[in-house]
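Here is a friendly walk through one protein chain, written for someone who likes cut-offs stated openly. Have a look at the structure, and then we can go through its features together.

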Amino acid sequence: MGRNRFYITAIGVLLVLCVQAQTVSDMIRKDPSFAACNYRVYPDSVEMPMTPPPAGKQPFYISHYGRHGSRYINNRSGYDIPFKMMAKADSLQQLTPTGHFVLKKMEEIMADTEGQWGDLTGFGQLQMRHIAQRMMERFPEILSGDARVDARSTVVNRCMLSMGSFLMEMAKTNPQLRITMRATKRDMWYMNHQDKLLRKSMPEKMEEAYNQFVAKYSSNPKLMRQLFINADSASKVVDETWLNYYIIKMGLFQLNTRFYKDTFLTDLFEIEDLYNLWKTDNVWWYLNYGASELNNGDRPYSQRHLLRQIIADADSCLQLQKPGVQLRFGHDTVLLPLACLLGINGYDKHVDDWEDIETQGWISSSIFPMASNLQLVFYRTDVNDQDVLFKVLLNEQEAQLPITTDQAPYYHWNDFRTFYLNKLDRYDERRKKGE
């Protein structure tokens, strides 16, 4: 290893350790949207150095799955619920001046969102363009000349527009690219497979335990005093737990829209309030999409079809002289279990103590913010090279897998495909046996 490469790698390790040493409270203090889990704004300005590949190896192919960019909230219930509570209190003349201002802000936000439920925002389009720019800049060996770019999207509008924004930026940078794109229901079986594993509700005992966990963090008497003249009287017409939850969510969600500079709603809360919301949401995502043994540890296998397709596509592309890039645009409820299935950065672990989930490193906000993405970048010396290497980028940052390698953060493709195909086969066998 050369001296320059050693220094770059060492710097990268130190930066990773510094990031890991920060608590979630620290992250929220720097970026309030970190508390929003899947509503987090993409960390568009975060940069980490890239570890140079082994001598002689050049990038030649990228396999990608990305979530759509920032969007509006999917449906009006997330806004209607807190708005109706506040409107009811207003009709009873229970609102303080702050309460009246909050109600006014709610009306503005709802008017802005009306007719755009679930739509990609301008902010989301910008995120896609920036990610495309960085891909072009980082991997010119792959995306120069008339390189192939095969892009696919789910049939959801925000995903198709995200794909379009991404490809327009690529074409602007290199007009010679041979770009193909499609969005068809024929691809939905792996692009957005909503397996029955994900449709299972929490087992009764687990739901009871989760509700008890939430109850410890959901009260916010300070908010009640800010909004209502008489908090005790107001509690008869508003639900403190849900009002606290929805107003925080409403404020955090607006960071993804054209109201992103208006932080009045989030300013109502202390860091501890945002952190408490994150704790309960993070555990919910873990229980429903992670490898919790309370759900038999099988939720990540909902994306087994996608992983098999990624492997099959890569095997096919490795035979080509210049395979280019395969882009896939989908959803958070696919990317999160996929990351857990792969065990990226330890996200395949089981955590017994939910209070300890943060120190165990299971932090959903780091996986699937708006515009989150997974990139497998492949390297070889030439088309005859049988020892193909690749590295994993989670949200454009180098990541780790639970397989051995002598070239970290690079892995041998044959080791990867053997490890994960065996893992998927073992799961299929358990399903056949009814376990």
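Let's begin with Cys37, which counts as buried because its relative accessibility is 0%; buried means under 20% relative accessible area, exposed over 50%, and partly exposed in between, with a 1.4 Å probe and protein chains only. This is a predicted model, in which local features need pLDDT of at least 70, side-chain atom pairs count only at pLDDT 80 or more, and totals for chains, interfaces and linings use all residues. Residues are numbered from 1 along each chain as its sequence is written, and side-chain values use heavy atoms, with hydrogens and water left out.

Cys37 sits in the loop between helix H2 (24-30) and strand E1 (58-67). Helices (H or I, at least four residues) and strands (E, at least two) are DSSP runs, numbered from the N terminus. The phi angle of Cys37 is near 55°, a positive value in a residue other than glycine. Asn395 also has phi near 55°, again positive in a residue other than glycine. Asn395 belongs to the loop between strand E6 (389-394) and E7, and with 6% relative accessibility Asn395 counts as buried.

## A cis peptide bond

Which two residues does a cis peptide bond join? They are Ala408 and Pro409, with omega at about 5°. Pro409 is placed in the loop between strand E7 (397-398) and strand E8 (410-412).

## Overall build

The protein has 18 helices and eight strands. Its radius of gyration is 23 Å, close to the 22 Å that the globule rule gives for 435 residues, so the protein is as compact as a globular protein of that length. Here the radius is taken over C-alpha atoms, and the rule is 2.2 Å times the number of residues to the power 0.38. Along the principal axes, the C-alpha atoms fill a box of roughly 75 × 50 × 50 Å. Of the 435 residues, 53% count as buried.

## Aromatic pairs

How many aromatic pairs does a search of the whole structure find? The search gives 30, where rings of Phe, Tyr and Trp (its six-membered ring) pair if their centres lie within 6.5 Å, and planes under 30 degrees apart count as stacked, over 60 as edge-to-face and the rest as tilted. Trp189 and Tyr190 make an edge-to-face pair, at 4.9 Å centre to centre and with 70° between the planes. Trp189 is partly exposed, with a relative accessible area of 44%, whereas Tyr190 is buried at 4%.

The ring centres of Tyr286 and Trp362 are 5.2 Å apart and their planes stand at 70°, so this pair is edge-to-face. Tyr286 lies in helix H15 and Trp362 in the loop between helix H17 (332-342) and strand E5 (373-380), so the pair ties together parts that are 76 residues apart in sequence. Both Tyr286 and Trp362 are buried.

Tyr61 has its place in strand E1 and is buried, with a relative accessible area of 0%. The C-alpha atoms of Tyr61 and Arg148 are 9.8 Å apart, although the two residues are separated by 87 residues along the chain.

A charge sits over a ring if NZ of Lys or CZ of Arg is within 6 Å of the ring centre and within 35 degrees of the ring normal. Arg430 likewise lies over the face of Tyr301, at 5.7 Å from the ring centre.

## The second largest pocket

The second largest pocket holds about 960 Å³ of space. On a 1 Å grid over the protein atoms alone, a pocket is an open set of points where a 1.4 Å probe fits, with protein on both sides within 12 Å along at least five of seven lines, and lining residues have an atom within 4 Å of a point. Grid points are joined across faces, edges and corners, and a volume is the space filled by probe spheres set on the points.

The lining has 39 residues, of which Tyr39, Tyr245, Tyr246, Lys249 and Asp281 lie nearest the pocket centre. Helix H3 (77-91), helix H10 (204-215), helix H13 (240-253), H15 and H17 are the elements that give two or more residues to the lining, and H13 supplies the largest share, nine residues.
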